[in-house]
Amino acid sequence: MFADLLNRLIAPQPERLPQPDAQVALAALLVRVARADGDYAATEIAKIDKILAARHGISPFEAAKLRGQAETLESEAPDTVRFTRAIKDAVDLEDRTAIIEALWAVVLADGERDHDEDTFLRMVANLLGINDRDSNFARQRAAKRG
């Protein structure tokens, strides 16, 4: 399953991902941002599960299973540029803004804004076609929601 998805992600011109693959790829991006500071904290894991359950309308058990798949994919995934490009191609602009808000929610889950996570998220937002202003608004919304 992951080999086919990874091959599509690293293709020179990746095709639009079908929904199940897009879900795993998005979850893997959440995992990647949580790991950006070298500390994959339990609070971040819980936040990822909560986001996945709410975003996809699935149970907490199914969300944890999806996150487990995403952790495997993230560890095998190509560089962030190609990985994010595939997600950008698979997701509409409005949903990409929601993705940035979800990423900020994961970054803020442990109560600390780490420089590495901030830098990583700024790069990802740019790669997803989200400007700094909209990313900042997404961060503010994520902080309010807690």
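## Overall fold

In this predicted model, residues 24 or more positions apart account for 75% of the contacts with a separation of 6 or more. The protein has eight helices and zero strands, and its pattern along the sequence reads α-α-α-α-α-α-α-α. Of the 146 residues in the protein, 45% are buried.

## The nonpolar core

In soluble globular proteins, nonpolar side chains tend to be buried together. Here the largest nonpolar core has 40 residues. Leu29, Leu30, Ile99, Ile100, Leu103 and Leu128 are the residues with the most contacts inside this core. Two or more core residues come from each of α2 (19-35), α3, α4 (60-76), α5 (80-90), α6, α7 (115-127) and α8 (132-145). The most are given by α2, which supplies eleven residues.

## Packing of α3 against α6

Two packed helices are described by the angle between their axes and the distance between the axes. For helix α3 (residues 42-56) and helix α6 (residues 93-108), the angle is about 155° and the axes are 9 Å apart. Angles over 145 degrees count as roughly antiparallel, and α3 and α6 are therefore roughly antiparallel to each other. Their crossing is right-handed.

On the α3 side, the contact is made by Glu44, Lys47, Ile48, Ile51 and Arg55. On the α6 side, Asp95, Ala98, Ile99, Ala102, Ala105 and Val106 take part. By class, the residues of this contact are seven nonpolar, four charged and no polar.

Glu101 lies in helix α6. Is this residue, Glu101, buried or exposed? The relative accessible area of Glu101 is 10%. Buried means under 20% relative accessible area, so Glu101 is buried.

Which residues is Glu101 in contact with, leaving aside its neighbours within four places in sequence? They are Ala138, Arg141, Ala142 and Arg145. Two of these names, Arg141 and Arg145, belong to residues that count as charged, as does Glu101. The residues Ala138 and Ala142 count as nonpolar.

Definitions and conventions:
Residues are numbered from 1 along each chain as its sequence is written. This is a predicted model: local features need pLDDT of at least 70, side-chain atom pairs count only at pLDDT 80 or more; totals for chains, interfaces and linings use all residues. Side-chain values use heavy atoms; hydrogens and water are left out. Axes are lines fitted to C-alpha atoms, for helices over the stretch in contact, and angles run from 0 to 180 degrees between N-to-C directions. Helices (H or I, at least four residues) and strands (E, at least two) are DSSP runs, numbered from the N terminus. Angles under 35 degrees count as roughly parallel, over 145 as roughly antiparallel, 65 to 115 as roughly perpendicular and the rest as oblique. A crossing is left-handed if the near helix is turned anticlockwise from the far one by less than a right angle, and right-handed if clockwise. Contact means heavy atoms within 4.5 Å. Buried means under 20% relative accessible area, exposed over 50%, partly exposed in between (1.4 Å probe, protein chains only). A nonpolar core is a set of buried Ala, Val, Leu, Ile, Met, Phe, Trp, Tyr and Cys residues joined through side-chain atoms within 4.5 Å.
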